[in-house]
Amino acid sequence: MDGAGAAAALTRRIAGVETEYGITCTLDGERRLGPDEIARFMFRPVIEEFGATNIFTANAGRLYLDVGSHPEFATAECDSVSQLVAHDRAGEMLLDDLAERAEKGLVGEDIGGKVFLFKNNVDSAGNSYGCHENYLVGRGMGLKALSKLLLPFLVTRQLLCGAGKIARPYPGSPYEDEPEQYCFSQRADHVWDGVSSATTRSRPIINTRDEPHADSTRFRRLHVIVGDSNMSETTTALKIGSTQLVLEMIEAGVELPNFEVANEIKAIRLVSRDMTGTAPIPLRAGAEKAEASALEIQRAYLAAATEWLERRDDSGGGTPNEEMARLVELWGRVLDAVESGDYSAIERDIDWAIKLSLLRRFMDRGLDIADPKLAQVDLAYHDIRPGRGIFRALEARGAVSRWVTDEAIDEAKANPPATTRAVLRGRFLAAARAAGAATVVDWTHLKISGEDPRMAVVDDPFATADAGVDALVAHLESLGTASDGATTEEITEGTTEGNAG
């Protein structure tokens, strides 16, 4: 990017999150249906209404059944941290609604069983599924140069936003001969490359596949697939907000320390298991020093972000400086807690610290960290069902911090973000469903199919008005309201993953 466009995009950045959920169905503690069976059962209402397991919802997000029988929700394009947190929670609620309907259906068909959706990253067999972040960046900087500055932050970011997990040491780890231990991250052991075009074969930290879902001459979609799924709104906000600040600084040309890591994969696994944040991470030749700790690297980024915030121009919209200041304060508080080993100041805010506090209560009663009961607590923390999952129970009691209100989540569940092109997709979908018209929709294309096909392309993620979309909506409204119970057929074109952002 260059000129005024670059300056505006620095603080008003489109972002989105794609979250895959673990699923199981049990009866009296035993598996009742396999993941594929219960996932298909869960998506029956979607198939009945839309004829597909891959649709855009009324709030302009994408709901689909992904590879491996993982229900997934990709938020609509959001341009502020709070907006994105609310839409992430809205997607969680939409999926939980389907899970509840599935449970009732199982009873009605004399199958029975409870349906569990877990917002985590690893199942009992060691398989991993992801929480992918997407950030709109400009074409002005090459991905290689951007990655060089961003990777050290992402490798060590798990101190801020890891979900926490009881895990076994990985082969070759300095802790290889030790028993189970608590780690910052669930995802760290399941990435195998720093930067790559693959997503499942090698699972890189940054995916380089060039799918901007926007004007490719202006924009790039930075696809980050290394983050943990977060239950805490506050942790999600810190994950997104801190990354956005780093991206802003990179694109603005702020001079950042050279902490290029010698081996990102060894480093990310080392950091996950080093709860002190002090283990030395070898750096590449040409870096500022031979090695640095996760705490040292994060403090350098924090210092730069603090200084950047003093001159950050938020007049163009996006996440306001006041909200970013809250995130920067929390960022510093987390690093202080890691350094001191006293997590009390963050055990309402950060997933790994909240969960560790729970586990320690059980261990204080004599349970060892390898006890299967603690593994159950670890998993139940991520059960998204209100009144059943541990984290949601803590939230209901006011025992953990919030970032957005219930009202904001309800609004996000029903409506698209009003400040991005998602509002255009939402208008189109509402009109098409009212008319009972068949459509083909993806992140940039809105098409009325059939004998008189019409299409609009919206390749500016910041657009909230578009003459082509207006024409489509007007045409749909001229068709009147469907009176025969017809439903809209929606087929999402393009890849099986991808969030506009």
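1. Helices (H or I, at least four residues) and strands (E, at least two) are DSSP runs, numbered from the N terminus. Arg62 sits in strand E5, residues 62-66. Thr75 lies in the loop between strand E6 (70-74) and helix H4 (81-108).

2. This is a predicted model: local features need pLDDT of at least 70, side-chain atom pairs count only at pLDDT 80 or more, and totals for chains, interfaces and linings use all residues. Residues are numbered from 1 along each chain as its sequence is written, and side-chain values use heavy atoms, with hydrogens and water left out.

3. An unreviewed UniProt entry places a "binding site" feature at Arg62, Thr75 and Trp443. These residues are spread over 382 residues of sequence, yet they cluster in space, with a largest C-alpha distance of 11.1 Å. UniProt positions follow the numbering used here, feature names are shortened, and annotations may be inferred rather than shown by experiment.

4. Buried means under 20% relative accessible area, exposed over 50%, partly exposed in between (1.4 Å probe, protein chains only). Arg62 is buried, at 1%. Thr75 is buried too, at 0%.

5. Now the core. A nonpolar core is a set of buried Ala, Val, Leu, Ile, Met, Phe, Trp, Tyr and Cys residues joined through side-chain atoms within 4.5 Å. The largest has 85 residues; Leu150, Ile205, Leu222, Trp331 and Trp352 touch the most other members. Helix H9 (residues 294-311) gives this core its largest share, 10 residues. Another core, of 31 residues, lies apart from it and includes Leu95 and Val400.
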